[in-house]
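Hi there,

Here is the structure I promised to pass on. Have a look at it first, and my notes follow below.

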Amino acid sequence: MDLANWLSDARRDGLPGHVASRDDEPATVIPTADVAATFAISDRARALLAASTGAVRWVSIEPERNIAIGSTPFGPFFAGGAQPTLTVPVDDRGVAADYTAEPGVLTVVVGRELHRDEAAMAAAATIASRAEAIVVDMGFARPELVDVATFGASRLVGQALIELTESVR
């Protein structure tokens, strides 16, 4: 059986670990709660999430582009996902110094493989020093350097991160 027929059968019949879906609904392979359970979350992040009033501002630290990835939305910033109130571009990490916190609003600073980019880590630290903020590293993270390490930046991981900010309270 060729791959196209196999996929067609899988969508129609459902396979273990696969939920068949209608054309207008994406299939869910793994529940987001199970994905979030794999995150490394610091005690500090848990406390900030638990104390949050529910208002969240998202900050995107743009990752360095490379030949494999290029410029793509990552993590929670997929179409219909979280909308960043600030994007810290690769060529101007200094805009992080302009970030103004809102009292009572949790800031979620999201980057990918921050430990590989000193300027990105500095930008995240600058924002975190000015706000009630958690720093999230998506990708091959060094959990000891951030508040949340997701170990991936797919849409599913991004959705799990969004739901984590909504459900820990």
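Contacts between residues 24 or more positions apart account for 73% of the contacts in the chain with a separation of 6 or more, where contact means heavy atoms within 4.5 Å. This is a predicted model, so local features need pLDDT of at least 70 and side-chain atom pairs count only at pLDDT 80 or more, while totals for chains, interfaces and linings use all residues. Residues are numbered from 1 along each chain as its sequence is written, and side-chain values use heavy atoms, with hydrogens and water left out.

On confidence, the mean pLDDT of the chain is 84, and 78% of its residues reach 70 or more; pLDDT is the predictor's confidence in each residue, from 0 to 100. Over residues 15-22 the pLDDT is below 50, and this stretch has 13 contacts in the model beyond near neighbours in sequence. Where pLDDT is low, the predicted coordinates should not be read in detail.

The chain has 5 helices and 6 strands, in the order α-α-β-α-β-β-β-α-β-β-α along the sequence. Helices (H or I, at least four residues) and strands (E, at least two) are DSSP runs, numbered from the N terminus. Of the 169 residues, 40% are buried; buried means under 20% relative accessible area, exposed over 50%, and partly exposed in between (1.4 Å probe, protein chains only).

Now to helix α4. This helix covers residues 118-130, 13 residues in total, and reaches 19 Å from its first C-alpha to its last, close to the 18 Å expected at 1.5 Å a residue (the expected span is 1.5 Å times one less than the number of residues). Ala120, Ala123, Ala124 and Ile127 are its buried residues. They cover an arc of only 95° around the axis, and so sit on the same side of α4; the arc is that of the directions from the helix axis to the C-beta atoms. Glu118 and Ser129 are exposed on the other side of α4. The cover over the buried residues includes β2 (56-61), β3 (84-88), β4 (106-112) and β5 (133-138).

Arg93 lies in the loop between β3 and β4 and is buried, with a relative accessible area of 10%. A polar atom of its side chain is 2.8 Å from the backbone oxygen of Glu62.

Helix α3 (residues 43-51) has Ala45, Leu48 and Leu49 as its buried residues. Down the axis of α3 these fall within an arc of 100°, so they line one face of the helix. They pack against β1 (40-41), β4, β5, β6 (148-149) and α5 (155-167), whereas Asp43 and Ala51 are exposed on the other side of α3.

Best wishes

Key: Polar contact = N/O pair within 3.5 Å; in protein donor to acceptor, adjacent residues only side chain to side chain.
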